[in-house]
Each structure stands twice: as C-alpha cells, then as structure tokens.
Amino acid sequence: MNKIQKLGCICEKPELHHTDYRTSEVGIDETNGRYADVSILQCKLCQRIWLKYLVEFESFTKSGRWYKGIIAKKEVAGMKPENAVEYLENLDWYIFGGSYFESAGSFGQGKLNVDL
C-alpha cells in the first residue's frame with residue numbers, strides 16, 4: 001500500500017462541511033447491528049476521494065462517531081459497506097470525530113471504535 005501524503009487541503013481539516021464535497025452513498029453496514037452510513041466523498045478543491053463511515057446508536061447520547069480516509073479511485077466501485085471498517089483500519093491514517101469523542105476531528109490510525 002502506498003503511503004498517503006497529507007496535502008494541507010481543507011479536506012484534511014477535522015471539521016467536515018458538506019459543501020466541500022461531492023457525496024455518493026455506498027450503503028448501510030448492518031454488521032453487529034450498527035446500521036452505519038457508508039459514503040464516498042470527493043473534495044471539490046483537491047479532488048481526492050474519501051471513504052466515510054458514520055455510526056450512531058440512537059438510544060445512547062453522545063454515541064455518534066465518524067471516520068474518513070482516502071480511498072483509491074480504482075477501489076471505489078468494489079467497496080461494500082461491510083468492508084469499510086477493515087479498509088479504514090488498514091490505512092496509514094484517517095480522520096475521526098463526533099460526539100462520542102467530544103471532538104470535531106483528529107488524526108488516527110488502526111482499530112476503529114464502532115461498536116457499543
């Protein structure tokens with residue numbers, strides 16, 4: 001796997017704003033009852049493509065969390081919702097945030113915290 005360079009683009013900033021991206025839905029990851037939204041975001045500025053994973057357990061306050069990491073264009077078509085967590089966990093880095101972390105976003109790597 002190639003090392004993913006950080007470019008300093010707005011898409012690397014922790015705060016996600018929907019107007020900065022073109023978005024397409026991949027689907028819902030139902031693994032372990034998560035019902036997580038999986039989508040593809042493309043930065044309007046630098047054109048990089050991101051895989052986003054968003055999960056929230058509605059019966060628990062401050063359970064919302066999201067992760068986003070760069071995905072190669074050639075891998076977008078084959079991405080399945082149930083494979084998104086493994087893909088993100090294997091990246092050199094990703095950005096994560098949400099009410100669960102009490103954070104607008106931070107850089108991370110390795111295992112995702114997506115279950116209760």
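Biologist: Y94 stands opposite G108 in β6. What makes β5 and β6 a pair?

Modeller: Between strand β5 (residues 94–98) and β6 there are four bridges, in the antiparallel sense. Two strands pair if DSSP finds at least two bridges between them, so β5 and β6, with four, qualify. The model is a predicted one, in which local features need pLDDT of at least 70 and side-chain atom pairs count only at pLDDT 80 or more, while totals for chains, interfaces and linings use all residues. Residues are numbered from 1 along each chain as its sequence is written, and side-chain values use heavy atoms, without hydrogens or water.

Biologist: What joins β5 and β6 in their hairpin, and which residue there takes a positive phi?

Modeller: Four residues lie between the two strands, and E102 takes a positive phi near 50 degrees.

Biologist: Why is S106 called partly exposed?

Modeller: Its relative accessibility is 28%. Buried means under 20% relative accessible area and exposed over 50%, with partly exposed in between (1.4 Å probe, protein chains only), so at 28% S106 falls in the middle class. S106 is found in strand β6, residues 103–108; a strand is a DSSP run of E with at least two residues, a helix one of H or I with at least four, and both are numbered from the N terminus.

Biologist: Which residues does S106 touch, leaving out those up to four places away in sequence?

Modeller: P14, Y94, I95 and F96, where contact means heavy atoms within 4.5 Å. As for K73, 33 residues apart from S106 along the chain, the two C-alpha atoms are separated by 24 Å.

Biologist: Why does G98 count as buried?

Modeller: G98, in strand β5, has 13% relative accessibility, which is under the cut-off for buried, so G98 is buried. Beyond four places in sequence, G98 touches G64, R65, W66 and S103. Its C-alpha is 16 Å from that of S39, 59 residues apart in sequence.

Biologist: How do you know that β4 is mostly covered?

Modeller: Six of the six residues of β4 are buried. R65, Y67 and G69 point one way, W66, K68 and I70 point the other way, and all are buried.

Biologist: What makes β3 and β5 partners of β4?

Modeller: Six bridges join β3 to β4 and three join β4 to β5. Along β4, W66 is the bridge partner of L54, and I70 that of W50. On the other pairing, K68 has I95 in β5 as its bridge partner.

Biologist: Why does R48 count as buried?

Modeller: Its relative accessibility is 13%, so R48 is within the buried class. R48 is found in the loop between β2 (36–43) and β3 (49–55). Among the residues it touches beyond four places in sequence are Q5, K6, L7, C9, C11 and I70.

Biologist: What makes β2 and β3 a pair?

Modeller: Six bridges, antiparallel; L41 has W50 in β3 as its bridge partner. Five residues lie between the strands of this hairpin, and Q47 in the turn has a positive phi of about 75 degrees. Of the seven residues of β3, six are buried.

Biologist: Which residues have the most contacts inside the largest nonpolar core?

Modeller: W50, L51 and Y53, in a core of 31 residues. Such a core is a set of buried Ala, Val, Leu, Ile, Met, Phe, Trp, Tyr and Cys residues joined through side-chain atoms within 4.5 Å. β2, β3, β4 (65–70), α2 (84–89) and β5 each supply at least two residues of this core. The contacts of L51 beyond four places in sequence include V38, I40, Y67, I71, M79, A84, Y87 and L88.
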